[in-house]
Amino acid sequence: MGSVTRTTPFDEQLSILYVDCFDSFTNNIIGLLEERLGANVIMVRIDDKQADRDLHMLLRAVDGVVIGPGPGHPGNPQDVGFIDKLWALSGTELLPIFGICLGFQSLCLNHGADVKKLKSPRHGIVSRSTHQGTDILKGLGDLDCTQYHSLHADLELTGAPPTHFWQPNNVCPDLLPLAWDLSDENNGPVLMAVRHVSKPFWGCQFHPESICTSEAGKDLLVNWWRHALRWSANNGRVKTMELTGRYLPNSLSSFFVDAPIQSGHLQASHLAQELRSAAGRDDIFLRWAKYPAQGVTPTVLLEKLGHRDDEVILLDSQGHNMGRFDILGLVVPGKTANVTYSSYDRTLRYGNHSKNIDSIEECWPLFQEALDIYYPQNQEIDRSKLRSDMDRFIAGHLPADSPFWGGFMGYISYEAGLETIDVRLPEKPTDGSAIPDINFAFIHRSIVIDHHTNQIYVQSLLPNDWTWILRVGSLIDSVSAASSKSDCPSLTSIAESRHLNDTLARSTITRPTGDSYRAQVQNCQDHLRAGDSYELCLTDESSIVIPSDPSSNSHSPLDAWSLYKKMRLNNPAPHGAYLNLPNISIVGTSPERFLSWSRGGHCQFRPIKGTVKKGPGMTHSIASEILNSSKERAENLMIVDLIRHDLSGVVGADNTWVSKLMVMEEYEKVYQLVSVIEGQLPPSELPGAPRGLHVLKNSLPPGSMTGAPKKRSCEILVDLEKRPRGVYAGVLGYMDVGGAGDFAVVIRTLVRNKLEEQEVWRIGAGGAVTIQSTDEGEFEEMEIKAGSVLESMMK
């Protein structure tokens with residue numbers, strides 16, 4: 001983003017100062033200004049004290065100002081910062097200004113209007129506005145507007161004749177109405193666009209950048225820019241300053257890796273050196289073999305390999321029709337390093353090393369550097385030094401169809417995501433049982449099952465590891481041969497199932513009460529009505545307490561692996577996961593991809609918002625009708641626009657697109673409304689080019705688990721929920737040494753903290769509270785989501 005030359009209706013590339021009010025759609029608006037107006041955009045935030053001090057200098061260096069949307073009320077100084085100073089400009093200081101949503105309300109408030117709560121807030125609602133085709137709406141035709149607002153500008157026109165809606169009045173003599181929403185019987189007429197009668201100030205209440213706003217809404221900004229430039233020309237306004245230093249137009253993302261690190265050319269960090277030492281002194285070389293996978297499941301394979309009770313990570317598509325790959329990461333004693341970080345005490349740990357760092361921002365370059373140092377294609381292979389014929393056979397060849405060649409596998413907690421957006425963390429557990437907020441194992445040995453091609457890749461980054469590769473290949477052949485004689489190979493014994501069921505039957509399940517959850521939903525809606533958020537993803541937690549079993553020799557009465565196999569069978573999903581790491585066990589059947597990126601830089605998000613439980617009488621047609629209701633579509637739309645913002649902040653709005661918008665998908669227990677947002681990273685060889693890891697850190701915590709605007713919504717949820725979510729609502733997946741990555745949202749997942757004295761498994765569940773929600777409906781949705789996991793355990 002930044003200074004990008006584009007074909008626009010304007011011959012000259014000019015500059016716009018964008019004032020960000022901490023909204024989660026900011027990058028979408030900036031991208032729209034860059035694409036449609038061809039403008040350089042300089043972004044400052046409302047709390048930027050330096051920008052406040054430099055404001056008059058900044059205004060002399062730009063051609064116009066856009067004030068963006070955001071949470072709060074325009075009469076609250078904390079919500080608008082220095083914006084009021086802009087409306088007070090006069091004389092030679094005047095310049096064109098356009099306000100959107102909160103910026104629009106601020107314009108109206110500063111010129112006589114009252115800003116009040118709507119009877120029914122309009123969040124994610126698309127409606128047609130009425131206008132007379134004048135001023136910046138000239139020639140626009142039908143104007144379908146996406147609205148995200150709880151407040152409205154009241155011009156005190158109740159009971160006035162219709163003609164008075166299109167002219168200034170005694171209350172607001174400086175404001176000329178340009179567009180109204182007349183479709184809402186509950187709220188009555190709602191002002192949608194306005195201009196100042198004598199100053200170059202315009203604004204709109206709706207969001208022109210939303211994916212569901214019609215092209216006319218976007219063309220409105222083009223018309224405004226024409227009017228703005230004409231006003232400047234007619235009034236002899238010219239820029240008298242040049243932008244310098246911190247105000248130069250540049251990308252919104254902060255690149256933390258300048259270029260791929262070439263092994264041997266740069267000094268490695270201590271973490272990279274530790275991980276590199278596991279491979280000995282040999283050059284990095286991916287050894288691999290491919291075998292037929294007909295009939296081989298990851299669960300059978302893991303057990304046959306003898307890793308049933310070992311530390312291991314399995315990312316499992318669980319046979320779901322939307323899945324393709326199973327990835328098994330094997331922990332090798334003495335070789336595999338666990339890398340952890342705590343957001344509470346900001347401690348980074350790996351091996352025997354422990355270090356306090358300033359913030360989570362220091363973690364990302366360390367991860368990227370380690371991945372780059374292990375990047376197989378960085379190595380110049382001297383064939384004369386290859387140890388075996390097998391090495392020489394695969395030299396120069398890599399398994400392109402395998403999505404994971406080795407690298408980091410693990411999770412990033414919800415609280416780690418909060419730290420990335422500078423949100424105060426919930427109170428930390430006081431019993432010393434806090435689990436890491438980032439927890440990755442660097443995997444050298446991996447097995448990838450491709451169910452589309454029926455191939456298995458056995459891979460190792462360890463030197464001369466052919467003995468292991470060939471042994472696994474022989475075992476795969478035997479499993480495949482055995483599967484051809486059985487329709488459903490399984491190693492789950494009757495005794496194993498009986499023990500698991502008996503243990504679960506003796507457990508105590510505690511679930512949120514209806515009264516408390518419904519009260520929290522109502523509290524959320526109070527915040528929505530106040531304009532603090534458009535949508536709040538409220539969650540709660542159920543717990544399963546496992547009683548001790550004196551007759552058992554096992555430290556844990558409940559066998560996590562048996563539990564995973566049972567859940568996998570009863571509630572399959574495309575992003576299943578089993579993690580057995582030193583301090584934590586995770587058993588999940590998540591349906592939701594958070595983010596994936598390919599080695600070629602293609603990024604994809606698949607947010608899920610909108611859930612209907614299957615059951616007697618629930619047909620595909622009825623589910624479709626429910627999921628296409630205004631409430632469910634509004635939920636999904638808000639998250640789509642939020643993710644577009646997150647992604648375009650790294651790859652640019654012109655490299656971000658929506659390939660599926662609110663499509664119903666069917667799962668084992670539910671129907672869900674899914675959208676797909678995609679983007680393209682620039683070639684990684686370009687100096688300073690962002691990588692997939694940039695997109696990951698820029699998008700945390702997952703928007704589908706927060707609401708929008710993200711920062712304010714998370715602050716509200718921390719105060720409401722009063723507990724850490726932990727792994728739940730975070731992300732889980734892998735970062736590949738070849739440059740790819742894939743993470744799922746941690747939902748429909750059981751988590752056990754092994755640091756706790758008593759064995760407790762926890763499952764989080766919740767839903768997006770909107771103004772159209774009912775407290776009973778939200779409680780029922782939370783129960784459905786938690787119940788889908790609990791039922792898969794118990795039946």
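Residues are numbered from 1 along each chain as its sequence is written. Because the model is predicted, local features need pLDDT of at least 70, side-chain atom pairs count only at pLDDT 80 or more, and totals for chains, interfaces and linings use all residues, while side-chain values use heavy atoms, with hydrogens and water left out.

Start with Phe22. It sits in the loop between strand E1 (15–20) and helix H1 (26–37). Helices (H or I, at least four residues) and strands (E, at least two) are DSSP runs, numbered from the N terminus. The phi of Phe22 is positive, near 60 degrees, and the residue is not glycine. Its relative accessible area is 25%, so Phe22 is partly exposed. That term covers values between buried (under 20% relative accessible area) and exposed (over 50%), with a 1.4 Å probe and protein chains only.

Move on to Asn464. Its loop runs between strand E19 (455–460) and helix H13 (466–483).

Now the cis peptide bonds. Leu700 and Pro701 are joined by one, with omega about -15 degrees. Pro701 belongs to the loop between helix H19 (692–698) and strand E29 (707–708). Another cis bond runs from Ala708 to Pro709. Its omega is near -10 degrees. Pro709 is placed in the loop between E29 and helix H20 (710–721).
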